[in-house]
Amino acid sequence: MTKVLILGANGQIARIVEERLLKEQSDVELTLFLRNSQRLADLDDNKNVTLVDGDIADYDAVNAAMKGQDVVYIAMVDHTKDNVITNNVIKSMKENNVDRIIESSLLGLYHEVPGEFGRWNDEMVQSGLAAAINADKLLSESGLTYTTLRFPWLNDRDEVKYTITHRNDQYVGVSGSRQSMADVIVKIIADPEYLKNDSVGIADVDTQGENRPVY
């Protein structure tokens, strides 16, 4: 069995990931960590699911949930002071000999988004950008096997359609569906070698050249 810890398990993308894993990967056991586990009560009777109430800023709670896991997915962008989320998770993973981490982030970490949209995006994400940049740096220097996911501006289109760019590439596209983001995460969980030790941009290539998000 592959044991997967999802931190922030009630997020919209996290919910899609959970549904797909339970449907498509019968050898996966999920530990779903969130502030109010009642929000996921519909999964409580699934034998492959353990619900955990907790706050990611609480190291002891994270550390208790980490025991025995194989893969960790942080289903939120770390905008916290001093990157308490990323630091807690890295410390706990090392304490428990867990190696594979996937963390949500945002586009624009490296000024890799071109044109008018890049200028507008920089303006929009400015308040949380420094913390997101540092979270990515912490992962890249942690010695863990990591993937930073640089999400575009998201929409709820009923489609899986995306292109992937890597750390040193120009970002392609401005928007993408939550289903597309979930697809990348599901693929990494199925094959932990996929996109390892990389920071990847994910977006719908058909939105390239747009000046604003596409919903």
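How many positive and negative side chains does the protein have, and how far apart do the centres of the two sets lie? There are 22 positive and 35 negative side chains, and the two centres lie 1 Å apart. Lys and Arg count as positive and Asp and Glu as negative, while His and the chain ends are not counted. Each charge is placed at NZ of Lys, CZ of Arg, CG of Asp or CD of Glu.

This is a predicted model, in which local features need pLDDT of at least 70, side-chain atom pairs count only at pLDDT 80 or more, and totals for chains, interfaces and linings use all residues. Residues are numbered from 1 along each chain as its sequence is written, and side-chain values use heavy atoms, with hydrogens and water left out.

**Overall build**

- The protein has five helices and ten strands. Helices (H or I, at least four residues) and strands (E, at least two) are DSSP runs, numbered from the N terminus.
- The radius of gyration is 17 Å, which agrees with the value near 17 Å for a compact globule of 215 residues. This radius is taken over C-alpha atoms, and the globule rule is 2.2 Å times the number of residues to the power 0.38.
- Along the principal axes, the C-alpha atoms fill a box of roughly 45 × 35 × 30 Å.
- Of the 215 residues, 52% count as buried. Buried means under 20% relative accessible area, exposed means over 50%, and partly exposed is in between (1.4 Å probe, protein chains only).
- The accessible surface comes to about 9,700 Å², and 46% of it belongs to carbon and sulfur atoms. Areas come from the Shrake-Rupley method with a 1.4 Å probe; for residues, only the protein chains shown count as cover.
- Take the contacts between residues at least 6 apart in sequence: 73% of them join residues at least 24 apart. Contact means heavy atoms within 4.5 Å.

- Gly-8 sits in the loop between strand 1 (2–7) and helix 1 (12–24). Gly-8 counts as buried because its relative accessibility is 15%.
- Leaving out residues up to four places away in sequence, Gly-8 touches Ala-14, Phe-33, Ile-56, Ala-75 and Met-76.
- Gly-8 and Leu-32 are 24 residues apart along the chain, and their C-alpha atoms are separated by 7.7 Å.
- Thr-31 belongs to strand 2 (residues 28–34). With a relative accessible area of 11%, Thr-31 is buried.
- Beyond four places in sequence, the residues that Thr-31 touches include Val-4, Leu-5 and Ile-6. Thr-50, Val-52, Ala-65 and Gln-69 are also among them.

**Helix 3**

- Helix 3 (residues 84–95) has twelve residues. From first C-alpha to last it reaches 16 Å, close to the 16 Å expected at 1.5 Å a residue. The expected span is 1.5 Å times one less than the number of residues.
- Its buried residues are Ile-85, Thr-86, Asn-88, Val-89, Ile-90, Ser-92 and Met-93.
- An α-helix has 3.6 residues a turn, so residues three or four places apart point the same way.
- The buried residues of helix 3 pack against strand 1, helix 2 (59–66), strand 4 (71–74), strand 5 (100–106) and helix 4 (115–140).

**Positive phi angles**

- Most residues other than glycine have a negative phi.
- Asn-83 has a positive phi near 50°. Asn-83 lies in the loop between strand 4 and helix 3, and at 4% relative accessibility it counts as buried.
- Asn-197 has a positive phi of about 50°. Its loop runs between helix 5 (178–190) and strand 10 (198–203). At 41% relative accessibility, Asn-197 counts as partly exposed.

- Ile-13 is in helix 1, and Arg-178 is in helix 5.
- Ile-13 is buried at 8% relative accessibility. Arg-178 is also buried, at 16%.
- Beyond four places in sequence, Ile-13 is in contact with Arg-178, Met-181, Ala-182 and Ile-185, among others. Tyr-73, Phe-151 and Leu-154 are also in contact with Ile-13.
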